[in-house]
Amino acid sequence: MIAIGAVAAVFLLFAVPLAYGLQSLSGIRFSSRSILEELLYAAGIPIVSIMLTMFLFERFRKFDLLSVSGLFFVMAMTSRQGWKRLWPLLRAALMRIAKMRHSAYASFFAGAVAICLAVDFLLAMAPLTGSDAMHYHFTVPLLDSQGTPMPALWLTHSFFTGTGHTLISLGLALGSDRIALGFIFLGGGLTAGALFVFARRLMPEKWAWLATLAFLLTPMTYWQMTTSGSPDIWMAFFTLLAILAAARGVETDVTRWFVLPGLFAGAVAGVKYTGWIIPAVIAAGCLLQTRSWKKLAAVVFSSLPLGILPLVRNAWMTGDPVFPFLARWFAPGHLNAYAAAAIVADTRSAGFHRSLGDLLAFPFTLVWNGGAYGVGHYLGPLVLAFAPLLLLVPRKEFLVRLAAAVWLIMFLANALTTQMGRFLLPVYPLALVLVFAGVAEAEKRGWRIATIASSCALVVFLLFGSCSEALYARDFLPVVFGRETKGAFLNRMAPDYPIADYLNRSLEGHKQKTMVFFRHLYYLRIPYVEGDPQNSWMMNPDHLRKPEQLLGLCRELGVRWIVKAPDYPPELAPVFENLEATGRIHPVAETTVEAFSGWRMYGRREPIRVVILEIAEASP
Amino acid sequence: MAEETNSKVFLVKTTLQIVFVAWLIVVNVLYYAQFRGILFARLGAWFQRWH
């Protein structure tokens with residue numbers, strides 16, 4: 001019932017921004033090539049506006065149900081033309097869908113895509129269990145909504161939250177993390193739509209459907225748009241829209257239409273630091289193609305407002321706009337060299353090497369040994385497998401060249417800086433469409449052996465994707481259908497949940513804070529701070545060598561309890577053990593819980609001893 | 001002459017396609033091989049549950 005309620009909420013809510021988007025499009029007299037393309041632009045514009053407004057709301061601590069309702073009310077009331085346009089457009093879209101009945105393959109593919117989306121939606125309605133989401137994607141918006149000032153130095157990753165996280169805040173403000181997950185799913189659904197529109201520009205309908213299906217069945221896609229709880233999938237949507245809009249601008253040569261690619265590219269930059277590559281390449285591409293400074297200015301200035309907001313916030317709070325990556329230079333006085341090194345290590349893959357040989361091997365190792373390269377294998381083998389067919393793709397069109405440039409530069413930047421396959425998600429749809437254009441071209445030119453072999457590889461991948469998603473869904477669907485309780489599900493699937501649940505029960509009602517050293521904080525419902533130096537900028541092992549220094553920091557943070565589960569962080573263990581040995585912190589409760597060991601997908605669990613220690617001087 | 005050119009083009013095209021098929025096989029085999037760890041872990045967990 002909760003899932004159905006969330007479905008209704010997301011769809012009803014989405015009508016308002018859609019009408020607002022159509023109103024905005026009519027304002028700049030934008031004409032698109034198809035109904036779907038118009039609907040996608042109409043969805044993109046208000047989401048950009050929502051991100052911008054919500055980010056400012058959050059900064060001024062005005063983020064609640066009332067302010068959100070106010071925003072939606074204003075949108076609904078200022079979209080008269082949009083509402084008028086929305087209904088005929090939806091009717092036309094429905095008629096287009098109805099027409100598909102006449103084509104057997106279109107009905108089949110549309111049905112397959114619909115089934116994928118339905119399964120994805122159900123998966124997205126499971127309670128949150130994504131690791132990064134439980135560490136910061138959802139935790140930071142939740143803390144913010146509860147009045148804890150965010151971002152905060154005691155949770156270093158909180159500075160990584162960008163404008164994409166405002167959609168999570170929006171869902172939470174509307175009353176449920178399911179709605180927030182629904183928005184992430186929506187981002188995935190819209191990305192699939194944008195991918196289809198992009199693919200149709202380069203290939204016949206059959207291949208466009210297959211590309212869309214391959215995208216939806218890619219493990220990276222269904223993971224990111226359903227259970228991961230990360231807003232990164234929105235980057236893929238806005239990247240596609242930015243490229244389509246830039247191509248539309250070049251085709252029509254209307255300067256004001258270049259505002260759209262800028263706006264969408266800025267939205268990509270606002271989600272994650274690495275997203276800045278997208279507006280940079282799109283702006284350069286538009287300049288090279290049009291040789292017009294006016295058009296360049298339109299792209300650049302429209303991308304700035306949304307892209308720059310998280311940078312301004314971080315610079316304001318820490319002195320470093322891309323905190324903590326440039327803290328060494330921008331804020332040397334507050335540098336925590338240990339935490340900075342830990343963050344850099346965290347954003348690099350286990351297999352990261354920058355020798356020429358490793359860089360040349362990266363496109364292959366990413367696919368064949370993805371586990372060591374930021375789960376690169378979740379992107380599937382199709383891009384690498386079909387890559388030779390790229391030579392057949394006609395490169396005359398600006399759309400193709402821009403998409404290829406964005407993909408190539410993002411890939412090179414990734415290879416040089418992080419070698420994390422996961423960070424390639426925003427440009428994965430571009431690569432997929434380009435290689436599918438190669439397959440379609442091979443078929444057009446009568447390369448029968450290549451076409452048949454590619455089709456076989458594709459069928460194998462679609463089967464693999466379907467089976468892996470079915471296996472993956474098996475763990476999540478029982479709770480969505482009400483056959484498992486939320487508590488039992490979280491105990492089974494959410495990392496560190498048993499520890500958080502024990503602490504919630506043991507320390508309920510206390511106002512003083514608890515220092516914890518585990519990573520997955522979302523389900524903690526007691527006041528807390530993160531104490532692991534890897535995750536907390538405040539826990540600088542260089543400044544916490546003496547027990548008095550540590551107690552001083554705990555006093556400053558208002559900490560009364562410390563939780564050891566099962567050990568202290570190695571860098572601070574001697575100091576904590578000293579405090580324990582001298583009786584200045586003493587155990588007050590303990591238990592043993594079962595929790596995940598290593599990656600959840602391997603299913604290994606082990607008993608963990610959880611000890612709550614009280615700071616003697618903090619007890620009343 | 002034209003026939004000879006056609007047959008050369010055909011030969012080059014076919015060779016290129018066969019090379020491409022070999023490439024596809026290598027990429028796919030190496031790709032799917034890396035999932036054997038997860039497969040065995042899953043099968044192991046399933047086996048433990050039922051025996």
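Leaving aside neighbours within four places in sequence, A:Phe436 touches A:Ala199, A:Met203, A:Trp207, A:Leu210 and A:Ala211, where a contact means that C-beta atoms, placed from the backbone, lie within 7 Å. The model is a predicted one, in which local features need pLDDT of at least 70, side-chain atom pairs count only at pLDDT 80 or more, and totals for chains, interfaces and linings use all residues. Residues are numbered from 1 along each chain as its sequence is written, with chains lettered from A and ligands numbered from 1 in the order in which they are written.

A:Phe436 also turns up in the largest nonpolar core, where A:Phe436 and A:Ile282 have the most contacts. That core runs to 213 residues; such a core is a set of buried Ala, Val, Leu, Ile, Met, Phe, Trp, Tyr and Cys residues joined through C-beta atoms within 7 Å. Buried here means 20 or more other C-beta atoms within 10 Å of a residue's own, exposed means 12 or fewer, and partly exposed is in between. The biggest contribution to the core comes from α9(A), with 16 residues. Helices (H or I, at least four residues) and strands (E, at least two) are DSSP runs, numbered from the N terminus.

Helix α9 (residues 177–202) of chain A packs against helix α5 (residues 104–124) of chain A at an angle of about 155°, their axes 9 Å apart. Axes are lines fitted to C-alpha atoms, for helices over the stretch in contact, with angles from 0 to 180 degrees between N-to-C directions. The two helices are therefore roughly antiparallel, a label for angles over 145 degrees. On the α5(A) side, the contact uses A:Leu117, A:Asp120, A:Phe121 and A:Ala124; α9(A) brings A:Leu181, A:Gly182, A:Ile184, A:Phe185, A:Gly188 and A:Gly189. By class, that makes six nonpolar, three polar and one charged residues. Ala, Val, Leu, Ile, Met, Phe, Trp, Tyr, Cys and Pro count as nonpolar, Asp, Glu, Lys and Arg as charged, and the others, Gly among them, as polar.

Another partner of α9(A) is helix α11 (residues 219–227) of chain A: the axes come within 7 Å and cross at roughly 145°. Here A:Ile184, A:Phe185, A:Gly187 and A:Gly188 of α9(A) meet A:Thr221, A:Met225 and A:Thr226 of α11(A). The tally for this contact is three nonpolar, four polar and no charged residues.

Further along chain A, helix α25 (residues 497–506) has A:Tyr497, A:Pro498, A:Ile499, A:Ala500 and A:Leu503 buried. Their cover includes α24 (486–493), β1 (513–516), β3 (559–564), β4 (585–596) and β5 (605–615) of chain A.

The peptide bond from A:Phe323 to A:Pro324 is cis, with omega near 0°, and A:Pro324 falls between α15 (293–318) and α16 (327–330) of chain A. A:Asp253, not a glycine, has a positive phi near 65°, and is exposed, with 11 other C-beta atoms within 10 Å. A:Val375 has a positive phi too, about 45°, but counts as partly exposed with 18 C-beta neighbours inside 10 Å.

As for the two chains, their contact takes 15 residues from chain B and 19 from chain A. On chain B, α1(B) gives the most to the side touching chain A, with eleven residues.

Definitions and conventions: Parallel < 35°, antiparallel > 145°, perpendicular 65-115°, else oblique.
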